[in-house]
Amino acid sequence: MTETNSSASRWEKIKEKIMQDPRNRSYTERGIPPILQVNAHARVLIVGQAPGRKVEESLIPFHDKSGDRLMAWLGIDQDTFYGEKIAIMPMDFYYPGKGKTGDLPPRKFMSEYHEEILALMPEIQLTVLIGKYSIDYYLKDRKKKNLRETVHAYQEYLPSFFPIVHPSPLNYRWLKANPWFEEEVVPALQKEVDRALHMK
């Protein structure tokens, strides 16, 4: 974490509480810490779903093909993505496991820690909400009837939130069926990210 001494100490306490949570025991016993990126001076917060299996191995958020695409969508390079101005806080800080058609959904109780962690990052200017779970949690009744309509209406949530579809390679059909996303929404996303990163 890039931080002041005070926020570093507070983060360590929160991290320890997460690891001591009995609902996370199976991860802690295997030596797996919560996987997120907390920066006291972050300007952009990325709220995703949960780490995948590959990320669980590296312990680096979005260290996979989804991350490569996400960086391209955001219009930033790897150094910026893993730098002090970007924070990454998924809905679940651990890999929830494999389901029948993909990874299992994030465990709902993990959102209990979001407020405490957000308090460590007072300079956030833009929160990018990736996929259904983060959109449902943060936009609540402001979201539209489905993901497509919510993402299409991104301007309604600015300047605080920017909802997008998940950058997973498994979403290629959605992207092919909705070319407006990469044609119209991605350039707008890049503009908002740049604004947040360079706002004085």
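In which loop is P159 found? In this predicted model, P159 lies in the loop between α8 (147–152) and β4 (161–164). The peptide bond that joins L158 and P159 is cis, with an omega of about 5 degrees. A further backbone feature occurs at L59, which has a positive phi of about 65 degrees although it is not a glycine, and which is found in the loop between α3 and α4. Both features stand out because most residues other than glycine have a negative phi, and most peptide bonds are trans.

The UniProt record, in an unreviewed entry, lists residues 35–190 under the name "domain: Uracil-DNA glycosylase-like".

Two of the helices, α4 (residues 65–74) and α10 (residues 180–198), have axes that come within 7 Å and cross at roughly 75 degrees. Because angles of 65 to 115 degrees count as roughly perpendicular, α4 is described as roughly perpendicular to α10. On the α4 side, the contact is made by A72, W73 and L74, which meet F181, E182, V186, L189, Q190 and V193 in α10. By class, the residues of this contact between α4 and α10 comprise seven that are nonpolar, one that is polar and one that is charged.

The largest pocket in the model has a volume of about 930 Å³. It is lined by 33 residues, of which Q49, D103, H166, S168 and L170 are the closest to its centre.

How values were computed: Residues are numbered from 1 along each chain as its sequence is written. This is a predicted model: local features need pLDDT of at least 70, side-chain atom pairs count only at pLDDT 80 or more; totals for chains, interfaces and linings use all residues. Side-chain values use heavy atoms; hydrogens and water are left out. UniProt positions are given in the numbering used here, feature names are shortened, and annotations may be inferred rather than shown by experiment. Axes are lines fitted to C-alpha atoms, for helices over the stretch in contact, and angles run from 0 to 180 degrees between N-to-C directions. Helices (H or I, at least four residues) and strands (E, at least two) are DSSP runs, numbered from the N terminus. Angles under 35 degrees count as roughly parallel, over 145 as roughly antiparallel, 65 to 115 as roughly perpendicular and the rest as oblique. Contact means heavy atoms within 4.5 Å. Ala, Val, Leu, Ile, Met, Phe, Trp, Tyr, Cys and Pro count as nonpolar, Asp, Glu, Lys and Arg as charged, and the others, Gly among them, as polar. On a 1 Å grid over the protein atoms alone, a cavity is a set of points where a 1.4 Å probe fits but cannot get out, and a pocket is an open set with protein on both sides within 12 Å along at least five of seven lines; lining residues have an atom within 4 Å of a point. Grid points are joined across faces, edges and corners, and a volume is the space filled by probe spheres set on the points.
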